[in-house]
Amino acid sequence: MAGDDGGSNALKTDGTTNTIDTNSPYYIHISDYLRQMHVNDVLTDNNYNDWSQEMLNFLFAKNKVGFINGTIKKPEETSPNYMTWMRCDAMLKNWLTTTMEKGIRSNIKYINTGFEIGSDLQERFGKESAPRSYELKQSLTITNQKGTSISTYYTKLRSIWDEILS
């Protein structure tokens with residue numbers, strides 16, 4: 001839905017049509033609707049790192065990371081890209097809020113842009129948490145093989161190590 005003119009693919013007055021740039025961050029594919037989300041877990045109070053990594057991968061695949069990290073700035077209302085940017089940002093906000101538990105979603109529903117939602121979530125959940133760090137270290141200490149295969153045991157340990165490092 002996005003082309004060089006800000007996303008319109010309508011018929012031009014000279015009878016030609018605009019081409020659709022599928023590499024544009026403004027491009028919205030017909031399959032980009034909420035039921036197509038590929039983020040496994042809903043954001044809760046204790047899974048921000050996993051959720052944000054999955055969401056970042058999803059947004060990268062959809063070429064929408066710039067909306068959440070602030071590199072694609074909101075254009076002026078007079079810009080030809082304004083409405084296209086608003087449409088993409090609205091879709092992004094829906095993707096984000098759909099993958100949150102109700103309590104978190106209700107706290108961010110009045111935030112204006114996807115970038116502001118991402119910043120708010122990072123500020124709230126992204127900081128190193130002493131209790132979570134302690135919990136992970138305890139989990140690492142009590143984890144044992146208990147008859148599982150070496151690869152299963154290693155995978156469990158590696159998951160805890162990766163979370164501690166993140």
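**Close-up views of a predicted model**

**View 1. The largest nonpolar core.** Leu-43, Trp-51, Leu-59, Leu-96, Met-100 and Leu-121 touch the most other members among the 25 residues of the largest nonpolar core. At least two residues of this core come from each of α1, α2 (65-69), α3 (82-98), α4 (102-108) and α5, and α3 supplies the largest share, six residues. A nonpolar core is a set of buried Ala, Val, Leu, Ile, Met, Phe, Trp, Tyr and Cys residues joined through side-chain atoms within 4.5 Å; buried means under 20% relative accessible area, exposed over 50% and partly exposed in between (1.4 Å probe, protein chains only). Helices are DSSP runs (H or I, at least four residues), numbered from the N terminus.

This is a predicted model, in which local features need pLDDT of at least 70 and side-chain atom pairs count only at pLDDT 80 or more, while totals for chains, interfaces and linings use all residues. Residues are numbered from 1 along each chain as its sequence is written, and side-chain values use heavy atoms, with hydrogens and water left out.

**View 2. Surroundings of Leu-59.** Beyond its neighbours within four places in sequence, Leu-59 is in contact (heavy atoms within 4.5 Å) with Lys-64, Val-65, Ile-68, Leu-92 and Trp-95. Leu-59 also belongs to the lining of the second largest pocket, as does Ile-68.

**View 3. The second largest pocket.** This pocket holds about 240 Å³ of space. A pocket is an open set of points on a 1 Å grid over the protein atoms alone, where a 1.4 Å probe fits, with protein on both sides within 12 Å along at least five of seven lines; lining residues have an atom within 4 Å of a point. The volume is the space filled by probe spheres set on the points. α1 (48-61) and α5 (114-125) each supply at least two lining residues, and α1 gives the most, with six residues. The lining divides into eight nonpolar, four polar and no charged residues. Among the lining residues are Tyr-48, Trp-51, Leu-96, Gly-118 and Gln-122.

View 4. Arg-124 forms a salt bridge (a side-chain nitrogen of Lys or Arg within 4 Å of a carboxyl oxygen of Asp or Glu) with Asp-120, the closest N and O atoms being 2.8 Å apart. The two residues are four apart in helix α5, so about one helical turn separates Arg-124 from Asp-120. Arg-124 is partly exposed at 36% relative accessible area, and Asp-120 is partly exposed at 23%.

View 5. Arg-158 pairs with Asp-162 in a salt bridge whose closest N and O atoms are 3.2 Å apart. Both lie in helix α7 (residues 150-165), four residues and about one helical turn apart.

Conventions. Ala, Val, Leu, Ile, Met, Phe, Trp, Tyr, Cys and Pro count as nonpolar, Asp, Glu, Lys and Arg as charged, and the others, Gly among them, as polar.
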